[in-house]
Amino acid sequence: MAPHPKGAETDVTPPDGRGLWEVAWRRKALVLLLTALTASLAGVYYVLSKPVYQASAQVLVVTKRPDAVTGVESRQLTQEDYVATHQVLIRSPLVVERACNKHRLGELPSLAPLKDRLVEEVIRALTVSRGKGPSGAADNVLTLAFRCTNAADAAAVLDAVIGSYKEFLDETYRDLSSGSLKLIAQARDVLQKELNDKEAAYRKFREQSPMLVFKGKDGASLRQDRLAGIEAKRAVLLVRRAELQAQLAVLDAGPGDGGREALLALIASWGQGEAPGAAPKLTLQDQLHPLLMEEQKLLASRGANHPDVVALRRRIEVTRNFLAGPSAPWRQAAGKGASADSVALYRTYCRQQLKHGEVAEGLLAGLAQKEQDGARQFIAAEVQDTALRADIDRRQRLYDTVVKQLQQVDLARGVGGYDARVIAPPLAGKKVQPSALQIFPAALLLGALAGLGLAYLAEVRDRSFRTADEVRRALGLPVIGHVPFFKPQGKGRQAAAPGHPDPMLCTRHRPASPEAEAYRGVRTALLFGAAGAGRKVIQVTSAAQSDGKTVLAANLAVSIAQSGKRVLLIDADLRKPHQHRLFGLEPGPGLAGVLAGTAELDAALLPGGVPGLSVLPGGPRPDNPAELLTAPRFEEVLRCLRGRYDFILVDTPALLAVTDPVIVAPRVDGVLLNVRAGANGRPPAERARALLGDLGVPIVGVVINAMDHHGRADAAYFGASYSLSYGASADEVVSARPAAIR
């Protein structure tokens, strides 16, 4: 297995399972520092920023009455959202500019520097909002607010804006009413002139149409009545003609079966009107009455010398002479008993009657035609009369409506439009900025959040182990011991010499110390824990140099020997062996001599100064340490020693430094991984864990060095520095770091 290149780093990933509050507590200094910094900046801002004051007022906007011009009813106006329009109107440049000019707002102390853009700045600092009614609907109360750097100026600006707004409302509606009044008055005058012209034209038309004056019953004209009478007379004449023609046909046919006497009797019955089916006998009164009535009507309308009157009088005279005169010989014949000439006389009479009927019918036809022409003229005149009356009536109604609206507008001039009433006048402004209740809590919150963010980022970028839980979560291995930070006592490391064990062997020099108790805890976990049960040969190694694995192996060997076990500590770090120095022994041929075949195993084993403890030093540094450990001889040595000792600890170099520990790992029963707490300990430990996992080597547990009494990484490290480094060949050693106790 090739070692990892020098300087190789693992991918930085978020810390699994680390709670935010745990991170915050661990990095509380950073969180507190940023919180204090933001609070300080907030304090500086609070002290240096200019104060801002806000004044507010409330205005109730109501309609005075329904609009008389448009005729909109009041219930419709209440449904319109006119308040939204007034919100925009108050902040409009028209109203604000009027307020600035009339009330000289540019002379106020806080607004004096803004003269060039005064209107824009006032609009920007002015807000108009509306409240909500009990039902949730927006009410008609507007809340005005203005902010500036002077408390009195804020109230003055609101007073000026509200006053200009009310003036604008009054002027706008007054101008609207005056304009509407003028327009309606003009419309009234035009309609009145047109109405007068129409009435004059109608009077002239009536004067030129006298026929419309004379009307019969049911509104019909006299001509229509006369035409109806003429048509009735013509119908009587037609019936009479048919009767006379029938009588002449009978007379022309001769006596027939009854003889002349029967014919005379029939004539007599005709003369008396007694013949079956004969028409009723016409008396003089029946003939003359209609003609006399018509004569009276014509005399009343046209005068005595009118041609129609003269013609009608002739008809009356002929009718009277014919019906009542002695020219009716058939009447005399009938009265005498129907002489021999009665038939001839009656025939002559019938013919005279037919001729009279034809003449009368012709005269009536002429009269009917004349009356029809007159009726047509009457109908045309009547239609025109109706149209003229309807036009005048329409003009009159429109004129009445305009006059009524004119009266309404005149009455509404003083009460129409909208009314703005101040229900909460503006007072001196109150300080709203800067607000300590807003700035400092916000600053503290932002500082805490920034601190938490940086703490979490630092935690993500952190490559160290600070607690045992972090080691357990990151490596997925049981932590079987914590070795606290400690320093050698007495004369220190300079006192270590042959025959004098190193003071770092605390389990030998200070068996009652907390450090010695920590090593005994590791011993207990190995001997009685589930991970170490049945495992005799344990390799002690670490991820990187200076993690303290050599001191761990030595003290653990002493602690196990003190429990009555036969223990062998093998220094398999052939490149830089150090166990003999810790125990104050001569190196002798050591493991290197045994593997090279230059020394016997028994000759290389040395007593460790503690009953039951033996040490197999590394011996002189060979030229090929990796090849010696790879040779079958090393496995044979381990097999031989298994039967002679209860427990064997094999100290090897760091896993990531050289390949030697990788060669030894498959030949032992388990590996005890030593991890150094503190800076840059996490990536090497994770790589070492992955390396052993790839080899399939069981790891009995992890021992953490440099922990404080709370189980956290200590600020200092307990080991002393070495000036030496591994002297392997270039293909085996890729990382040479200053080493402390390995």
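What follows is a conversation about how the descriptions of this predicted model are reached.

Trainee: What should I keep in mind about the model and its numbering?

Mentor: The model is predicted, so local features need pLDDT of at least 70 and side-chain atom pairs count only at pLDDT 80 or more, while totals for chains, interfaces and linings use all residues. Residues are numbered from 1 along each chain as its sequence is written, and side-chain values use heavy atoms, with hydrogens and water left out.

Trainee: What makes strand β7 largely enclosed by the rest of the structure?

Mentor: A residue is called buried under 20% relative accessible area, exposed over 50% and partly exposed in between, with a 1.4 Å probe and protein chains only. Strands are DSSP runs of E of at least two residues, and helices are runs of H or I of at least four, numbered from the N terminus. In β7, residues 537–542, six of the six residues are buried, so the strand is largely enclosed.

Trainee: How do you know that both faces of β7 are covered?

Mentor: In a regular strand the side chains alternate between the two faces of the sheet. On one side of β7 stand V537, Q539 and T541, on the other I538, V540 and S542, and all of these are buried.

Trainee: Why are β11 and β12 called partners of β7?

Mentor: Two strands pair if DSSP finds at least two bridges between them. Four bridges join β7 to β11 (residues 647–651), which run parallel, and five join β7 to β12 (residues 670–676), also parallel; the counts therefore meet the definition of pairing. Within these pairings, I538 stands opposite L649 in β11, and T541 stands opposite L673 in β12.

Trainee: What puts the buried residues of helix α5 on the same side?

Mentor: The buried residues of α5, residues 93–103, are V95, V96, A99 and C100. They cover an arc of only 135 degrees around the axis, which puts them on the same side of α5, the arc being that of the directions from the helix axis to the C-beta atoms. After α5 comes R104, with a positive phi near 55 degrees.

Trainee: How do you know that the length of helix α18 agrees with expectation?

Mentor: The expected span is 1.5 Å times one less than the number of residues. For the 14 residues of α18 (residues 549–562) this should be 20 Å, and the end C-alpha atoms are 20 Å apart, which agrees.

Trainee: What makes α18 mostly covered?

Mentor: Of its 14 residues, 13 are buried, whereas buried residues make up 44% of the 742 residues in the chain.
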